[in-house]
Every structure is written in C-alpha cells, then in structure tokens.
Amino acid sequence: MLSDDQLNEIIVEAENVPSRVVPEKTPVNSSFSMVSSISDIDVTDSQSFGNPDDKKSKQLLRFSTSLNESFLQTLHRSPGSVGIDTSHENIQGQKLIASLIPMTSRDRIKAIRNQPRTMEEKRNLKKMVDKEKSKQSHRILELNCCAQCLNSISRAYRRSKNSLSELLTYISLWQKTFKVIGGKFGTSVLSYFNFLRWLLKFNIFSFIVTFSFIIIPQFTVPEKNTLQFTGLEFFTGAGYFQDTVMYYGFYTNSTVQHGSSGAPYNMQLAYIFTTGAYLIVCFFSLLFSMARNFRNNFINPHIYSRGITKLIFCWDFTITHERAVKLKQKNLSTEIRENLSEIRQENVKLTLNQQLIHVLAHLAAWVVSTGVAIACCVAVYYLAENNSEFLKNHQNPGAVLLLPFLVSCINLATPRLYSLFRLVERYETPRREVYILLIRNIFLKISIIGILCYYWLNIVAQAGEECWETLIGQEIYRLLLMDFVFSLADSLLGEFLRRLIGMQFPTSLGLQEFDIARNVLELIYAQTLVWIGTFFCPLLPFIQMITLFIMFYVKNISLMMNFQPPSKAWRASQMMTFFIFLLFFPSFTGVLCTLAITIWRLKPSADCGPFRGLPFFIHSIYSWIDTLSKRSGYLWVVWIYQNLIGSVHFFFILTLIVLIITYLYWQITEGRKIMIRLLHEQIINEGKDKMFLIEKLAKLQDMEKRANTSSFSMERRDVEQTSPLHVREHNAAHDLRFRRSVQEENPKV
C-alpha cells in the first residue's frame, strides 16, 4: 500500500499533467481501443477500492478519473497522432465490437450505455456495431430481423403499459383530495376513503357487467308499463318501478332473437351465468386484492423499518409549486409523527395490576357488547316476523318503510354505544381499538343481515306471493336507501351538532375524531346488501355507485369542518388488508351461502321472472347441459361441468390449496418478523460493542497522557536541579560584557 504522502504526490502530478502532453508515438486510428484500456483502469480501480468511505480509495479513484479525462482530451485533440502499433488497436476494437454483436439489442444498448465514454463515442460505437452486423449472412439477418421485430413489439408494449399507468394515475379519482386528507389527518383516516374508492370501482365494474348482459337484452323486448309514476317510488321501490328492468320479475323467460338469421339469446342462461360470472370475478378480485395488500403490508421487509429512510433522506425535487411543497411537507411530518408514536407505544409496559384492570375492563365490554348485539338481533327478528301482518293491516304505501327505518336506527345507535366503551377500556394503541370496534360492529351487522335473509328465504319466499323475488328486491332497495339517508343525516346534522356542542358549550370536549370503524362498517353493510340484492334487483350496483359517489363528498366536507386529526398518530398501512378481509369473510362468504340456497333450494315464482315454470333455479343449467351432451362438439363443456364445476372434490382441493398458501404466507411473515427483530438486536449489540471499545480507547488515551505528563515533569525537575550553576556563569558573563561596553562609551570613567 502507498502512504498518504506518496498518494498525494502522485495525484498532484497527475492532475498537473497537461492534456496535450502525450507521447508522439501514440496513434489513435480507432478511438475505442485507448478508451477501452482506460475503462479497464476504471474497472480495476473500482474493484480494488470498493469501499467509498476509504480516503485512499477516493484518492485513487480521483486519480484514475483525472487520467481518464486527460486521455480522452488527448484522443479528441490529436486524432492523427502516431504511436503504438495499429494492429494492436484494431484487435482491441474488433474484440470490443465482437463482444457486442452477439448480444440482444436491449443488452447491447445497456452495455454501451454503461461504458465510461461521451455520447458521441457511444453513438460511433453503436454505428460500428450495426455496420458489422449488417455484413453478416442473410440467414442471420433474417433471425436478427425477427429478434428486432420482437424487441420492437416488447418495447412498444412496455411504452404503452407505462403510458397507460401514467394515464390511470392522472385520471385517478380524487388524487389531490387524498393528498390533502393524508397530510392533515394521517393514513388512518385516509384508509377509509381509499376503501370507499375501491368499492366505487368495484361497483362500476359490476354495473357494466349486469347492464351489458342482462339489462340491454331485456330492453330489446318491448313490454309496456301500465303503472303510473307518483314519485313515492324513489322511497318505497314499489309501484312504477315494479314493472321495469330494475327488478327480477320484469325479465322474460323466452329466447331473444331478432329476425330469422339473428343469434338466439337465452335469458335464463344469461341471467344465471352473468350472476355466477359476476360473483366469481368478485371472489378472485377480493382474493387478489387481499394477497397484494398482504404482500405489500405484511411480507415485504421494508415495512418493518417504517420507511424512516424514505421519510428523512428522500425528497421529490420535481415538486416546485408552493402549495404542493407545503402539502408534501405536511405529509412527511404526519408520517414521522405516526412512526414516532408507534415507537413510543411499543416501549410502553404496564404493571401487573394495570394489566389485570385492563383485562377485566375488556371482558366486561365484550359481555355488554355481545348482549346488546343479541338484543338487537332478537328485536329485528321480531319485527321481521310481524312485518307481514303489519303490512296487511296498514294499506298506507309508506308502511313498508317501518322495518328498514328501525333496522337503520339500530345500525346507527349501536356502533355509537360501542364507541363509548373506549372510555373504559383505554387501549394502548389506536390500531387495536379500531380492530376491536370493527369486530364488534361486523358481528352486529352481519347478524342482522343473516336474520333478514332467514326472513326473506323462509317466510317471504314460502308465503305464496305472486312474485316473491321482486318483493325481496324491494326490501333490499329500501334497506339500502334508508341506510344512505341515515348516513347523510348523521354526516350533515349529527356531526355538525356535535361540533357546535364541543366548541361552544363544554369547551373541554373540543372537536371529535373520525370514527373509522363505524364508517367502514357502514360501507361493508351496504356492499353486502348490494351483493345479495343483485340477483333480485340487477340495478343495485348502479344505485350503490351513485350513493358512494355522493358519500365521498359529504364525508370529505364533514371531515374538514367537524373533525380534528387523531390525538394519537398511528400508521394504517395494514388497515386496507383488514377491511378487504372483513369484506371477504364473513360478508362475501355469507352472500355466497345465501345465493346458493336460493338457486339450489328455492322454487321460482310461477308467473314472473326468467325462471318461471322451473322447479329450481339450477334446473336451467341442468337442461342446458343435457342439450349439450347430445352434441358431439360440446362434450368438453359437459366434462368440465361434471368434473370441475359440479364436483365437490374439486372445490375441496381448491379450498385446501388456498388454505395452504395462506398458511405459507403467514409463516413467511412470522419468519421475517423474527429475522427483523434479530437484526435489530444485532445492530443494538454492535452499537454497544462500539461504545465499549470507544470507552476503552478513551481510557487508554487518558492513561497515555498521564504517563507522558509524569515523565515530562520528572525531566523538568532534573533540569531545574542541574541549572543553577549555569545560570550563575551566564549572569557573570553578562555583567562582564556590560562593564566593557560602559567603559568603551565613557573612557574617563
């Protein structure tokens, strides 16, 4: 190794070398041979001195860089110089070109781009490589043409994909509003609006599917509506709407065909296949969304570091607008607060008495909440069971709104009661509080929906009504509409009144915080009703799409006016996964069970709907499979139905595979958590070791200083003991010189 002084001398000499000082015998017939040798020096330096923190490594790299610059300037300024043997340079250039020719276009461009050369040299190198490739045989040219064609196709695909993603990002709904919400209220409140937007996109897709394959074909069958529109139909869903495409009973059971040459369109198969395909797409969409969010928020190791590096050391310098800069600063400060709050909460440890008190409080809250939920379910069952008799005794059209009104009152009041339990339970982390409230509310709402489904499938469907499917569709429409009205009233009036009470009367209350659990469960409850009611009311996804669009703006305005940011900041990166999981189970799985019972066990109405006259809804599939089994060209469809769709073993194996994959992902997550914890402990131990070594070094330095000080004092003492005689001689000589000088100046004296 060279010493620091030697390195500095070499570097100074190299930097002072003028660019024109080059041996005259250096021909540069090919500009690439010399540069390739220089690049070899670079590679060697970078490999030999890979530690960028080493001072000597930096100096050597700077030395090689200065050599590169001087050589490159020489190449440009003296292209006609005479020097080393031309054949050697040609061999080097041929080797370089020969190494680039076999590469694909993508790899070759990447290799040329990584060369430490100017853009002009890279272009010249690319031209030479292309020229050499053009001289090869026709067969190789044809193969290269095919490869270039494939590369151009893949390049066009990548560009179109990137352009499409940029376009989708640009036209994404409420992007700026989300940034404002995230900057002011944090990711916890933002997770609710993300979930709302996800459900809106979901319902847009659902409406497109049902509208394309069920509603549009029915429009081609002219049927006159003889009922009169009064306006009350918007609230009751009955009357004029009963004989429209809004409900099941209006659809025909015949095959739609226009002209003798037109293709037949079986409405029975279209109705049941569209419903089945819609549910299958929903199933896989929920699974995919859950898996993606689970991978991003649970499995990736970077989430356990909380993104501290990104928060502290990264800044988007493309942001130039003052408002955007302030919003970005607010987002970063909110995220830092959330991370610091989580770290502080993780370090909080309770005593044994505090833990015992918390356990008792949680147990009492669970007992009370479960009792309240059971009481609400009993009340809903009693109301539903006596609803038919109540409607027979009251001919008023508004009487049908009694059951939806009472159910909506229960759904509005009970979650607020659950939210008061936080005053007693006092959870350590806000995330755990939200999870517990979500579980209690989902238990309440799914239980209510289960009781209503029992009422519809066992009382309404068996009552012998003229078109019980349409009656169920109307009931679901009224429930959905009443829930929307109560949500609007609560946001516009209830939250506003709470703000006035908190700000003016008892000032200690202040502004309220946004209740994530209650608002999320309202969305899940409404979406569950939409999934159940789509079979009986195909336009429900469109109605839900409009309600979600309105609710976003209402909730956003109410949030900005009536709420304050959370008092305890916390990250909600994993909340979206939990929301989708609750939407999948028990919501979507319960919907599948309800529709399976409807299609396989219940008898359709005899006078309305596309399945009129059949013993069960599923018999339309059975008759279609029997028809296909008589045609030799469609036997593969019959085999798929008998061995896959109609096989219990297939679904059992599929469920088993899904559970195994879920278990594996869970184990991967736990393993990575353990690894992250061990790495954190290792970093802490290494820090302690460094502190220990620094303390030892400081002690050794102190001891060395003390030893040096003591030796110096001893030497000084010895000098002081031997110095008096020399001092006297020095003083005597000085007096003698003084006397002589005085005598010379005054000879008389």
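Is D490 buried or exposed? That's where I'd like to start today. D490 comes out at 7% relative accessibility, so it counts as buried. By buried I mean under 20% relative accessible area; exposed is over 50%, and partly exposed is in between, with a 1.4 Å probe and protein chains only.

Quick housekeeping before I go on. This is a predicted model, so local features need pLDDT of at least 70 and side-chain atom pairs count only at pLDDT 80 or more, while totals for chains, interfaces and linings use all residues. Residues are numbered from 1 along each chain as its sequence is written, and side-chain values use heavy atoms, with hydrogens and water left out.

Side chains of opposite charge can pair when their charged atoms come close. The rule for a salt bridge here is a side-chain nitrogen of Lys or Arg within 4 Å of a carboxyl oxygen of Asp or Glu. By that rule, the count is eight salt bridges.

One of them joins R416 to D490, with the closest N and O atoms 2.3 Å apart. R416 sits in helix α15 (residues 402-420) and D490 in helix α18, so this pair ties together parts that are 74 residues apart in sequence. When I say helix, I mean a DSSP run of H or I with at least four residues, numbered from the N terminus. R416 is partly exposed, at 32% relative accessible area.

D490 also meets R518 in a salt bridge, 3.0 Å from N to O. That one links helix α19, where R518 is, with helix α18, where D490 is, and the two residues are 28 apart. Both R518 and D490 are buried. Zoom out a bit and you get a network of salt bridges linking R416, D490, D515, R518 and E522.

There's another pair to look at on α18. K555 and E495 form a salt bridge at 3.9 Å, N to O. K555 belongs to helix α20 (residues 540-562) and E495 to helix α18, so the pair ties together parts 60 residues apart in sequence. K555 is buried, with a relative accessible area of 1%, and E495 is buried too, at 2%.

Now, how do α18 and α19 sit against each other? Two packed helices are described by the angle between their axes and the distance between the axes. The axes of α18 (residues 468-504) and α19 (residues 516-533) come within 9 Å and cross at roughly 160°. That makes α18 roughly antiparallel to α19, a label for angles over 145 degrees. Axes here are lines fitted to C-alpha atoms over the stretch in contact, and angles run from 0 to 180 degrees between N-to-C directions.

While we're on α19, have a look at T528, which lies in that helix. T528 is buried, at 2% relative accessibility. T528 and T589 are 61 residues apart in sequence, and their C-alpha atoms are 9.9 Å apart in space.

Last stop, the surface. F652, I653, L656, I657, I660, I661, Y663, L664, Y665 and I668 form a nonpolar patch there, with about 980 Å² of accessible area together. Patch residues have over 30% relative accessible area and no salt bridge, and nonpolar side chains (Val, Leu, Ile, Met, Phe, Trp, Tyr) are joined within 5 Å. The areas come from the Shrake-Rupley method with a 1.4 Å probe, and for residues only the protein chains shown count as cover. L664, one of the patch residues, is in helix α24 (residues 648-722) and is partly exposed, at 48%.

Methods: Patch = residues over 30% accessible without salt bridge, like charges linked within 9 Å, V, L, I, M, F, W, Y side chains within 5 Å. Parallel < 35°, antiparallel > 145°, perpendicular 65-115°, else oblique.
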